[in-house]
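Please walk me through this structure, one side-chain pairing at a time.

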Amino acid sequence: RAVKLQHPSDVLDLGFSPDGFRIATACRDGKARIWDLAQQTCVTEFSPHNGDPVFRILFVGVRHEQFWNDNRPGMNSLLVTGGQNNRVIKLWNRQDSACLQSLTFLLGEEKVQNVVELDPTSSFLFISNTNASSVYVLHLQPPEIHPRQEETNQLPPDFTRC
């Protein structure tokens with residue numbers, strides 16, 4: 001059985017939720033959309049990069065059953081998006097579409113593109129840079145450990161407010 005989820009714009013990336021019931025799509029029109037596969041409907045839509053195309057979208061959550069009830073509450077409610085050829089990476093709370101953290105690569109060239117991926121346990125976010133011959137590894141922590149940015153004045157190094 002095939003299912004078509006109609007989009008008003010080109011889909012640049014998609015990601016599956018850890019439970020397999022939803023997908024997220026990253027679109028050229030600047031929208032990120034979360035779809036309920038059973039209902040074949042869009043349940044959430046937002047503009048994570050101020051209307052700029054969304055190049056990457058990832059559910060943060062444990063994909064393997066043995067890790068599903070691990071000691072990191074809140075990890076299955078996060079989403080990662082990439083804008084500007086993945087030079088701007090943002091971590092979102094899926095429940096209220098609130099931006100928790102943002103990382104911007106200031107390399108000056110428009111052609112620079114980062115490849116963004118999660119490890120299988122969603123503990124680390126890997127970003128490889130096409131021009132700097134570098135791989136950045138970010139340790140992801142649940143929202144309870146890193147409160148939302150407007151609730152704290154301390155940000156991890158290299159992160160900016162959304």
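Asp10 is partly exposed, with a relative accessible area of 46%. Here buried means under 20% relative accessible area, exposed over 50%, and partly exposed in between (1.4 Å probe, protein chains only). This is a predicted model: local features need pLDDT of at least 70, side-chain atom pairs count only at pLDDT 80 or more, and totals for chains, interfaces and linings use all residues. Residues are numbered from 1 along each chain as its sequence is written, and side-chain values use heavy atoms, with hydrogens and water left out.

Asp10 forms a salt bridge with Arg28, the closest N and O atoms being 3.2 Å apart. A salt bridge is a side-chain nitrogen of Lys or Arg within 4 Å of a carboxyl oxygen of Asp or Glu. Arg28 is also partly exposed, at 43%.

A search of the whole structure finds six salt bridges. Glu45 takes part in a salt bridge with Lys31, at 3.9 Å between the closest N and O atoms. Glu45 also meets Arg33, at 2.9 Å, N to O. Is Arg33 buried or exposed? Arg33 is buried, at 4% relative accessible area. Glu45, by contrast, is partly exposed at 45%. Asp29, Lys31, Arg33 and Glu45 are linked in a network of salt bridges.

Now turn to His7. This residue is buried, at 13%. Leaving aside neighbours within four places in sequence, His7 is in contact (heavy atoms within 4.5 Å) with Thr25, Cys27, Arg33 and Trp35. His7 and Thr25 are 18 residues apart in sequence and 9.3 Å apart in space, C-alpha to C-alpha.
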